[in-house]
Amino acid sequence: TTTGSWPLRTSTHESGSSVTRGLFTHIKWQFLPWFRLETGARYTKDQKDFFNIEGAITPTNDFRGFEWILSDDTVELFGTGSTEWTKTTPTVSLNFMTPEPIGFIDDGLMYLLWSRGFQSGGFNSELEVSRIPQLAPLLEFKPETLDNYEIGFKTTFLDRRLRVNLA
């Protein structure tokens, strides 16, 4: 198909938005001079949406210059989605700190830590769900969570000239 001497072309436009809101807290409790318990939590709310359109474009060359114009009568919406995910993720650690220098160790910290991470889901925006409805279950992918466990040691030696961190 041609318009004038120009071949008719198609164009795909994809757009999306993402808004993330979070609220977090962290509490430290020194229950002995050398032991500290730390706890925290984060509340996350992610809102995401997207759409894909496709349509025929034709070139114009008017007083504004050369540009491609999307023809309204050929525009087709072939993918859209909107959703939100919320998650509260905790963290807990138990820390042992050396109360005073021990031999050549200036100060030290040993810790045990557990935390949970979160990554929101999203959309496979390239799927043409309006043309192939069987792809609809694949349009949205689910969020992920991860449990993190750490054991670590941090210290300085030799009048704080040497630092070692192990985890």
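This is a short walk through one predicted protein chain, from its overall make-up down to single residues.

Some ground rules. The model is predicted, so local features need a pLDDT of at least 70, side-chain atom pairs count only at pLDDT 80 or more, and totals for chains, interfaces and linings use all residues. Residues are numbered from 1 along each chain as its sequence is written, and side-chain values use heavy atoms, with hydrogens and water left out.

Start with the overall picture. The chain has zero helices and 11 strands. From the N terminus on, the elements read β-β-β-β-β-β-β-β-β-β-β. Helices (H or I, at least four residues) and strands (E, at least two) are DSSP runs, numbered from the N terminus.

How many of the residues count as buried? Of 167 residues, 23% do. Buried means under 20% relative accessible area, exposed means over 50%, and partly exposed is in between (1.4 Å probe, protein chains only). The accessible surface comes to about 11,700 Å². Carbon and sulfur atoms hold 57% of that surface. These areas come from the Shrake-Rupley method with a 1.4 Å probe; for residues, only the protein chains shown count as cover.

Now contacts, meaning heavy atoms within 4.5 Å. Take the contacts between residues at least 6 apart in sequence. Among those, 64% join residues at least 24 apart.

Next, confidence. pLDDT is the predictor's confidence in each residue, from 0 to 100. The chain averages 79, and 69% of the residues score at least 70. Which element has the lowest mean pLDDT, and which the highest? Strand β1, residues 2–3, is lowest at 40. Strand β10, residues 144–157, is highest at 92. Over residues 1–7, pLDDT stays under 50. The model has eight contacts beyond four places in sequence for that stretch. Where pLDDT is low, the predicted coordinates should not be read in detail.

On to salt bridges. The rule is a side-chain nitrogen of Lys or Arg within 4 Å of a carboxyl oxygen of Asp or Glu. By that rule there are three. Side chains of opposite charge can pair when their charged atoms come close.

Glu38 pairs with Arg36, with the closest N and O atoms 2.8 Å apart. Glu38 is buried, at 11% relative accessibility. Arg36 is buried too, at 18%.

Lys45 pairs with Glu84, and here the closest N and O atoms are 4.0 Å apart. Lys45 sits in strand β4 (residues 35–62) and Glu84 in strand β6, so this pair ties together parts that are 39 residues apart in sequence. Are these two buried or partly exposed? Lys45 is partly exposed, at 26%. Glu84 is partly exposed, at 40%.

Asp147 meets Arg116 at 2.7 Å, N to O. That pair links distant parts of the chain: Asp147 is in strand β10, Arg116 is in strand β7, and they are 31 residues apart. Asp147 is partly exposed at 33%. Arg116 is partly exposed at 32%.

Arg116 turns up again beside Thr89. Thr89 is in strand β6, residues 76–97. Its relative accessibility is 10%, so Thr89 counts as buried. Leaving aside neighbours within four places in sequence, Thr89 is in contact with Gly40, Ala41, Arg42, Arg116, Gly117 and Phe118.

Now look at Ser120. Where is Ser120 found? In the loop between β7 (105–119) and β8 (122–123). Ser120 is buried, at 10% relative accessibility. Its side chain makes a polar contact with the side chain of Asp46, at 2.8 Å. A second one joins the side chains of Ser120 and Lys48, at 3.2 Å. A polar contact is a pair of N or O atoms within 3.5 Å; within protein, one must be able to donate a hydrogen and the other to accept it, and residues adjacent in sequence count only if both atoms are side-chain atoms. Not counting residues up to four places away in sequence, Ser120 touches Asp46, Lys48, Trp85 and Pro143.

Trp85 also touches Glu140. Glu140 lies in strand β9, residues 140–141. Glu140 is partly exposed, at 34%. Glu140 and Gly81 are 59 residues apart in sequence, yet 7.9 Å apart in space, C-alpha to C-alpha.

Last stop, the surface. Trp29, Phe31, Leu32, Trp34, Leu94, Leu112 and Ile151 make a nonpolar patch of about 680 Å². Patches are made of residues with over 30% relative accessible area and no salt bridge: like charges are joined within 9 Å, nonpolar side chains (Val, Leu, Ile, Met, Phe, Trp, Tyr) within 5 Å. Strand β3, residues 9–32, gives the most, with three residues. Leu32 is in strand β3, and Leu32 is partly exposed, at 38%.
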